[in-house]
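Student: Before we look at anything together, could you take me through the reading of a model feature by feature, giving the general idea and then the case at hand?

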Amino acid sequence: YLVEGYDQRLTSARQDAGLKLDELADEADIDEADLLALEQGRATQAGVGGSVVASLEEALDITLVETE
């Protein structure tokens with residue numbers, strides 16, 4: 001359900017916004033471990049939920065979930 005290359009897209013957007021991992025986690029009100037898992041391409045293995053992804057999409061104004 002996540003777009004191909006979501007990890008790179010997320011990392012680039014965070015860096016472009018000038019945010020560190022902990023700063024973005026605080027801003028999006030999510031767990032830093034979930035953010036790290038997403039940036040490392042381990043969302044499925046780490047069980048990162050859709051609400052976490054939605055929070056990041058909103059915080060960074062990016063799309064991480066495939067739309068049909």
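**Reading the features**

Tutor: Let us begin with L64, whose place is in the segment after helix 5, helices being DSSP runs of H or I with at least four residues, and strands runs of E with at least two, numbered from the N terminus. This is a predicted model, in which local features need pLDDT of at least 70 and side-chain atom pairs count only at pLDDT 80 or more, while totals for chains, interfaces and linings use all residues. Residues are numbered from 1 along each chain as its sequence is written, and side-chain values use heavy atoms, with hydrogens and water left out.

Student: Is L64 buried or exposed?

Tutor: Buried means under 20% relative accessible area, exposed over 50%, and partly exposed in between, with a 1.4 Å probe and protein chains only. L64 has 1% relative accessibility and therefore counts as buried. L64 and Y1 are 63 residues apart in sequence, yet their C-alpha atoms are 8.6 Å apart in space.

Student: Which residues of the largest nonpolar core touch the most other members?

Tutor: A nonpolar core is a set of buried Ala, Val, Leu, Ile, Met, Phe, Trp, Tyr and Cys residues joined through side-chain atoms within 4.5 Å. Here the largest such core has 21 residues, of which L10, L38, L56 and L64 touch the most other members. Two or more residues come from each of helix 1 (6-16), helix 2, helix 3 (32-39) and helix 5 (50-60), and helix 5 gives the most, with 4 residues.

Student: How many salt bridges does the structure hold?

Tutor: A salt bridge is a side-chain nitrogen of Lys or Arg within 4 Å of a carboxyl oxygen of Asp or Glu. The structure holds 1 salt bridge: E39 pairs with R14, the closest N and O atoms being 2.5 Å apart. Since E39 lies in helix 3 and R14 in helix 1, the pair ties together parts that are 25 residues apart in sequence. Both E39 and R14 are buried.

Student: Where does D29 lie, and what is its phi?

Tutor: D29 lies in the loop between helix 2 and helix 3, and, although not a glycine, D29 has a positive phi of about 55 degrees. With 71% relative accessibility, D29 counts as exposed. D61, in the segment after helix 5, likewise has a positive phi of about 55 degrees without being a glycine, and D61 is exposed, with a relative accessible area of 71%.
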